[in-house]
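Open the model in your viewer and keep the selection tool at hand. The tour goes stop by stop.

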Amino acid sequence: MIPAHGRAGGSRPRALLLLALACAPACLNGCATYATGAKQVRGKVATGDLAGALELLKERGGKDPDVLNLLERGLLLHYDGQFEPSNQALQLAEQKIDDLYTKSVSRGVAAFLTNDGKLAYSGYPHEQVLLHLYGALNYLALDETDDALVECRRVGQRLQVLEDLRANKKGYTDDACVEWIAGMLYAQDGDGNAALVAARRAQAAYGEYDSLWGIPAPPQLLADHARWARAFGFGDEAAELTAKGGVDSLEALPLCSGEGELLLVYESGFVAHFEEQQLQFPILKTDRDKSSDQLFSSVATRGHRGALLIDLDTVELDYWLVVAMPELVQTPSRLVGARLRVGERASETVLAEDVSAVARLTFEEGQGTRLLKTIARAIAKYALTKQAKKQGEAAGFLANVFAAATERADTRSWTLLPDRIHLARMRLPAGVHSVVVEVLDGDGAVAQTATFQRVEIRAGETTVITHRTYD
């Protein structure tokens, strides 16, 4: 039996402490273990054990999987060729994302007391956009082009919503790769206006990519833009594009009669993922009598490890405040491109999207706010500990245990996304072809090959094949 200590005014700290101890186990079962669990799933995927990875996700998702579990599951089902179940998972994830725009106050309070893992996960901006790309690829694999076009249109709607939410956006106002692929589908469908709007958006997005990461608009996109402009009666726009240079005049020509196009979407590596790092902030003895707001201001100003202290030799430390923050970690892909081969014809991929770079940009947008909120939470826990100590050393010790146990970084992200997306295209006569994909390493040597038998090319249409590597 735990002895009760009847002290006047002691009920509130004791109640807070009991709440803390009750919450701690639940806190540790959430995002505190997500990075470890995600690593296990990636390990199975990297060895080709998609069934084992799906089983892990199914076990962890339970009867009501959250957004992140559905995203991970949807992508694995896509790679496993289960296109309809993949779309079911992705569409349910989208519905839950939309529902989460109504903030849960109870979860917000729990997150402040414990960690951000108690907040329902709605996905980073690029994750919310790319779920539509994989939805479109699923529909194309099912030969349901109209539904693929619907997914492309939803990208614009999603980006508009995100624009309103991302007050401090520094880039990624559009997704260049998705818009480029959407333009191909619009053009095939005969929707000239939509195709040209997509081409313009893709070029504008590549302008951002170039300034941020040195990824310019691929010449193939410029050729597509010129070809679509000419085909849909915008000759002046086509001429202007051609005059700028960088446009392959042959690729800018329309498809010949009886000719179709093959598009390879090659995905390499794993997107950068989160791991937990600890930051330490000094609390000085001179801070003891400060209010929570004053203490927050002092701690935030000093920075990690008191980097802004003028003279460390003249201060007396009272407490090291430890907070946990997510840190983005990237393992560069060993395989960096691919080559399409059909008979004597060959075409190499171009880099269409650096997913890890986009992930880092969207993560860093909220890093300042995230750090300040984490410090505020840690100070609240520190205040709770000080209050608990007034009830005795045991109470203070237990409060410290709660503070340490619940200080976990939110390491959640869609970790099965690729590091990079590459595109390659080839014009082919209508008919059935055997297609070879040669995967290239950093030296340009062929590291892997994959053969696609009986790929049907239809006149005037684009046939899409996909390939994924994890090295």
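## Stop 1: Arg 454

Select Arg 454: its relative accessibility is 67%, so the residue counts as exposed, the cut-off being over 50%. Arg 454 belongs to strand S9. Now check its backbone. Phi of Arg 454 is near 55°, a positive value in a residue other than glycine. Most residues other than glycine have a negative phi. Keep in mind that this is a predicted model.

## Stop 2: the whole chain

Zoom out and colour by secondary structure. The protein chain carries 16 helices and ten strands. Next, colour by accessibility. Of the 471 residues in the protein chain, 49% are buried. Take the contacts in the protein chain with a separation of 6 or more: 78% of them come from residues 24 or more positions apart.

## Stop 3: Asp 143

Go to the loop between helix H7 (125-141) and H8, and select Asp 143 there.

## Stop 4: H8 against H9

Select helix H8 (residues 145-165) and helix H9 (residues 176-188). Their axes lie 10 Å apart, and the helices pack at an angle of about 140°. H8 is therefore oblique to H9. The crossing of H8 and H9 is left-handed.

Show the side chains at the contact:

- From H8, pick Thr 145, Ala 148, Leu 149, Cys 152, Arg 153 and Val 155.
- From H9, pick Val 178, Ala 182, Leu 185, Tyr 186 and Gln 188.

Colour this set by residue class. The contact of H8 with H9 has eight nonpolar residues, two polar and one charged.

## Stop 5: Tyr 186

Stay in helix H9 and centre on Tyr 186. Is Tyr 186 buried or exposed? Its relative accessible area is 8%, so Tyr 186 is buried.

Tyr 186 is then in contact with Leu 149, Cys 152, Arg 153, Asp 191, Ala 194, Ala 195 and Ala 198. Among these, Leu 149, Cys 152 and Arg 153 belong to the H8 side of the helix contact. Now set a distance label between C-alpha atoms. Tyr 186 and Asp 146 are 40 residues apart along the chain, and their C-alpha atoms are separated by 9.9 Å.

## Stop 6: H3 against H4

Select helix H3 (residues 50-61) and helix H4 (residues 67-79). How do H3 and H4 run, roughly parallel or roughly antiparallel? Their axes come within 10 Å and cross at roughly 160°. H3 and H4 are therefore roughly antiparallel to each other. H3 passes H4 in a left-handed crossing.

Show the residues that meet:

- H3 supplies Leu 50, Ala 53, Leu 54, Leu 57, Lys 58, Arg 60 and Gly 61.
- H4 supplies Asn 69, Glu 72, Arg 73, Leu 76, Leu 77 and Tyr 79.

By class, the contact of H3 with H4 has seven nonpolar, two polar and four charged residues.

## Stop 7: two buried arginines

Begin with Arg 425 in strand S7 (residues 420-429). Its relative accessibility is 12%, so Arg 425 counts as buried. Which side chain makes a polar contact with the side chain of Arg 425? The partner is Asp 224, at 2.7 Å. Arg 425 then touches Met 184, Gln 220, Asp 224, Arg 227, Glu 251, Glu 261, Leu 262, Leu 263, Leu 340 and Ser 347.

Now step back to Arg 412, in the loop between helix H16 (393-405) and S7. With a relative accessible area of 9%, Arg 412 is buried. Its side chain joins that of Asp 410 through a polar contact of 2.8 Å.

## Stop 8: Ala 445

Finish in the loop between strand S8 (431-441) and strand S9 (446-457), where Ala 445 is found. Ala 445 is partly exposed, with a relative accessible area of 36%. Not counting residues up to four places away in sequence, Ala 445 touches Val 439 and Leu 440. Ala 445 and Leu 335 are 110 residues apart along the chain, with 9.6 Å between their C-alpha atoms.

Methods
Residues numbered from 1 in each chain as written. Predicted model: local features only at pLDDT ≥ 70, side-chain atom pairs only at ≥ 80, totals over all residues. Heavy atoms only, no water. Helix = DSSP H or I, 4+ residues; strand = E, 2+ residues; numbered from the N terminus. Buried < 20%, exposed > 50% of the residue type's maximum accessible area, 1.4 Å probe, protein only. Polar contact = N/O pair within 3.5 Å; in protein donor to acceptor, adjacent residues only side chain to side chain. Contact = heavy atoms within 4.5 Å. Axes fitted to C-alpha atoms, helices over the stretch in contact; angles between N-to-C directions. Parallel < 35°, antiparallel > 145°, perpendicular 65-115°, else oblique. Left-handed = near helix turned anticlockwise from the far one by under 90°. Nonpolar A, V, L, I, M, F, W, Y, C, P; charged D, E, K, R; others polar.
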